[in-house]
Amino acid sequence: MNSPGLWVSPTEFVNFTDTQRRPALNRHIATRGRIEPGGFSRHLPNPDPILKAQGQDIQIYRDLRSSALVGGNIRRRKAAVLSLERGLKRADAPAKVERFVCDWLADLDLDRILRELLDAPLYGYQPVELLWQPVGQYLVPQDLLGKPAEWFFYDPDNALRFRAKDAGNDGEACDPQRFIVARQDATYANPYGFPDLSMCFWPATFMRGGLKFWVQFTEKYGSPWVIGKHPRGANDHETDLLLDSLEAMVQDAVAAIPDDASVQIIEAAGKAGSADVYRQLLEYCRSEINVAMLGQNQTTEKDSNRASATAGAEVTHDIRDGDAGIVAAALNACIRHVVDLNFGPHVAAPNYQLWQQEEIDKSLAQRDKALTESGVQFTNAYWQRTYNLQEGDLRKTPTVTGSPAFSEYQSHSALDQHALDQAINGLPANVLHQHSQHAIAPLIAALEHSPTDADALGRLAAANPHMDTQALEQHLAQLIFIANTWGHLSATADRED
């Protein structure tokens with residue numbers, strides 16, 4: 001009995017049995033356990049350089065949301081995704097599965113769930129816990145709750161674990177059916193994903209420090225200096241009394257001083273250049289944060305106009321679509337669990353998608369225009385269904401079956417086809433048959449002399465270079481030439497008519 005396998009070349013045969021006996025083919029070779037020294041901890045540190053340098057967890061990124069600029073950009077990011085059209089696409093799923101999943105999603109607070117899933121691009125990863133409940137004979141999640149990411153960590157096997165206080169440093173393994181994780185740019189080396197707020201940490205920190213020094217600078221040089229002079233022999237009590245009077249003068253513009261003292265007001269001239277240094281620092285930090293969060297910066301520049309400011313307030317489409325893809329992937333993972341538990345792992349699941357309706361309508365209209373100009377005729381039902389038109393918006397297309405123009409065209413097409421068939425039949429059939437038989441003769445001989453299927457494959461590969469297909473190709477080229485020539489002549493005659 002021949003062993004199951006595959007000829008990968010005329011002389012090389014791969015045995016499937018040998019492949020199954022080599023389990024190393026489906027195992028990891030490059031692992032952390034083989035390159036890093038062994039340890040007792042199951043904790044894989046987050047490789048984020050900001051967190052490593054600060055010795056903190058992602059809580060420091062949450063503190064950035066108190067900044068007006070960062071918090072406002074986060075709202076823009078989430079609003080850009082929430083404004084998209086969203087819904088369930090059946091794809092290859094059975095109709096009953098689609099209805100089941102659609103009814104289940106209708107009972108969820110999807111707006112809140114989407115907002116929580118959209119924390120994944122901010123912090124790199126966002127764990128979501130599934131709370132299952134029985135509904136009749138089925139089992140579905142009654143809610144999807146986003147949990148703080150700092151409560152979880154990954155182990156060296158890239159498995160999610162919960163920091164349970166009764167589980168020690170190793171944490172508690174998370175059941176994949178109870179938790180799904182939305183992640184941005186997660187890899188084997190970094191299962192935590194990439195947090196966008198890491199790009200905002202230093203600009204936000206410098207902006208906060210620069211604003212503090214700018215306020216101090218403004219307090220110091222923004223108001224005029226009031227200088228009081230007292231006699232040289234004045235004691236400390238008299239000096240303090242003069243200072244109190246000057247302080248009251250700065251606040252209330254009224255002061256009472258001794259008659260032998262004098263007051264001089266000096267403006268802080270020449271400090272405008274120093275103030276611009278702080279302004280430029282703040283504008284640079286704001287620009288960096290906008291680029292990191294929105295993908296562009298046009299709103300913080302002092303020379304921006306209304307149009308550029310309006311465009312700069314929007315999230316770029318690539319960032320918006322990336323966020324939408326993260327949300328859709330997480331929800332589809334949850335849908336896959338629901339279908340597996342209720343209908344089986346081999347049943348296709350519908351897909352949850354988010355899209356920009358205006359962009360789809362524009363591309364669809366361009367496609368329909370091109371097809372219409374090329375001669376494709378759509379029905380009124382198609383136009384109504386695709387572009388949401390009402391009954392009566394479109395005129396009924398008159399029937400052209402019995403029209404003289406259609407009859408003339410049909411008769412003319414039949415004459416063309418008849419003439420083309422006669423030209424093809426005029427070619428010697430025996431010649432075509434002889435060349436075809438000569439071309440495939442080596443293939444037939446190889447099959448007749450092969451004791452096994454594997455040997456037949458090898459013989460076919462060896463016989464292929466010796467096939468003589470030149471004569472057959474010449475006659476086929478003649479047929480194509482006749483068809484093209486007749487088509488050009490027919491088109492010229494139509495234009496002359």
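Colleague: How many cavities of 30 Å³ or more does the structure hold, and what makes a space a cavity?

Modeller: The structure holds 1 such cavity. The term denotes a set of points, on a 1 Å grid over the protein atoms alone, where a 1.4 Å probe fits but cannot get out. About 30 Å³ of space lies in the largest cavity, a volume being the space filled by probe spheres set on points joined across faces, edges and corners. This is a predicted model, in which local features need pLDDT of at least 70, side-chain atom pairs count only at pLDDT 80 or more, and totals for chains, interfaces and linings use all residues. Residues are numbered from 1 along each chain as its sequence is written, and side-chain values use heavy atoms, with hydrogens and water left out.

Colleague: Which residues line the largest cavity, and what makes a residue part of a lining?

Modeller: A lining residue has an atom within 4 Å of a point. Ile74, Arg77, Lys78, Leu118, Pro121, Leu122 and Asp323 line the largest cavity. Two or more of its lining residues come from each of H5 and helix H8 (120–123), and H5 gives the most, with 3 residues. Helices (H or I, at least four residues) and strands (E, at least two) are DSSP runs numbered from the N terminus; the protein has 19 helices and 12 strands.

Colleague: Why is the space around Leu160 and Phe179 called a pocket?

Modeller: A pocket is an open set of points with protein on both sides within 12 Å along at least five of seven lines. The second largest pocket contains about 250 Å³ of space. It is lined by 17 residues, of which Leu160, Pro176, Phe179, Ile180 and Val181 are the closest to its centre. At least two lining residues come from each of S7, S9 and H13, and S9 gives the most, with 5.

Colleague: Why is the pair of Phe100 and Phe343 called edge-to-face?

Modeller: Rings of Phe, Tyr and Trp (its six-membered ring) pair if their centres lie within 6.5 Å; planes under 30 degrees apart count as stacked, over 60 as edge-to-face and the rest as tilted. The search of the whole structure finds 10 aromatic pairs. For Phe100 and Phe343 the centres are 5.3 Å apart and the planes at 80 degrees, values that give an edge-to-face pair. Phe100 lies in helix H6 (residues 95–106) and Phe343 in helix H13 (residues 317–343), 243 residues apart. Ring pairs also link Tyr138 with these two residues into a cluster.

Colleague: What makes a set of residues a nonpolar core, and which residues have the most contacts inside the largest one?

Modeller: A nonpolar core is a set of buried Ala, Val, Leu, Ile, Met, Phe, Trp, Tyr and Cys residues joined through side-chain atoms within 4.5 Å. The largest has 36 residues, and Val101, Trp104, Leu144 and Ile335 have the most contacts inside it. H13 gives the most to this core, with 10 residues. Contact means heavy atoms within 4.5 Å; beyond its neighbours within four places in sequence, Val101 touches Leu88, Ile335, Val339 and Pro350 in this sense. Apart from this core lies another, of 35 residues, among them Ile60, Leu69, Phe153 and Ile289.

Colleague: What places the charged end of Lys89 over the ring of Trp355?

Modeller: The criterion is NZ of Lys or CZ of Arg within 6 Å of the ring centre and within 35 degrees of the ring normal. The charged end of Lys89 is 4.2 Å from the ring centre of Trp355 and sits over that ring. Likewise, the charged end of Arg62 sits over the ring of Tyr123, 4.4 Å from its centre.

Note on methods:
Buried means under 20% relative accessible area, exposed over 50%, partly exposed in between (1.4 Å probe, protein chains only).
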